[in-house]
Amino acid sequence: MPRHTAGEGEWEDELSSEELDDEPTVPCLYCRREIHEESQRCPYCEQYISREDAPPSRLPWWLFAGVILCLLVFCLWIIRV
């Protein structure tokens, strides 16, 4: 949307920062740069964005801690019996 600059009498065709902030963005799954939410391909790393191509998500730390704790309890139980 054009806007008028004070004192110059000319119109600017640039978008204001408020208008740019309204566009939804998400981080790229590969390079983590902000891209448009509806993008099919990242303009920076040129990787296709889809759920099938997404890198696997990491499991939470508490899941690993729980498995290790269960193994420890099981080993201690076996030793005592």
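## Ground rules

Because the model is predicted, local features need pLDDT of at least 70 and side-chain atom pairs count only at pLDDT 80 or more, while totals for chains, interfaces and linings use all residues. Residues are numbered from 1 along each chain as its sequence is written, and side-chain values use heavy atoms, with hydrogens and water left out.

## The overall fold

The protein chain holds 2 helices and 4 strands. These are DSSP runs numbered from the N terminus, with helices (H or I) of at least four residues and strands (E) of at least two. Followed along the sequence, the pattern is β-β-α-β-β-α.

How much of the chain is buried? Of its 81 residues, 6% count as buried. Here buried means under 20% relative accessible area, exposed means over 50%, and partly exposed lies in between (1.4 Å probe, protein chains only).

Helix H2 covers residues 61-80. With 20 residues, H2 reaches 29 Å from its first C-alpha to its last, close to the 28 Å expected at 1.5 Å a residue; that expected span is 1.5 Å times one less than the number of residues. The number of buried residues among the 20 of H2 is 0, so the helix lies largely in the open.

A nonpolar surface patch is formed by Leu59, Trp61, Trp62, Leu63, Phe64, Val67 and Leu71, which together have about 810 Å² of accessible area. Leu71, one of these, lies in H2. Patch members have over 30% relative accessible area and no salt bridge; like charges are joined within 9 Å, and nonpolar side chains (Val, Leu, Ile, Met, Phe, Trp, Tyr) within 5 Å. The areas come from the Shrake-Rupley method with a 1.4 Å probe, and for residues only the protein chains shown count as cover.

Why are the two separated by about one helical turn? Phe74 and Trp77 are 3 residues apart in helix H2. In general, an α-helix has 3.6 residues a turn, so residues three or four places apart point the same way. Phe74 is partly exposed at 46% relative accessibility, whereas Trp77 is exposed at 52%.

## Arg41 and its partners

Arg41 has two contacts worth a look in the viewer. Its side chain meets that of Glu46 in a salt bridge (3.9 Å, N to O), a term for a side-chain nitrogen of Lys or Arg within 4 Å of a carboxyl oxygen of Asp or Glu. The salt bridge count comes to 1. The charged end of Arg41 also sits over the ring of Tyr48, 4.7 Å from its centre; this requires NZ of Lys or CZ of Arg within 6 Å of the ring centre and within 35 degrees of the ring normal. Arg41 is partly exposed, at 38%, and so is Glu46, at 49%.

## Loops with positive phi

Most residues other than glycine have a negative phi. Arg32, however, has a positive phi near 65°, and Glu46 has one near 60°. Arg32 is in the loop between strand E3 (25-27) and strand E4 (34-36) and is exposed at 57% relative accessibility. Glu46 belongs to the loop between E4 and H2.

Cys45 is also found in the loop between E4 and H2 and is partly exposed at 26%. Cys45 and Arg32 are 13 residues apart in sequence and 9.6 Å apart in space, C-alpha to C-alpha.
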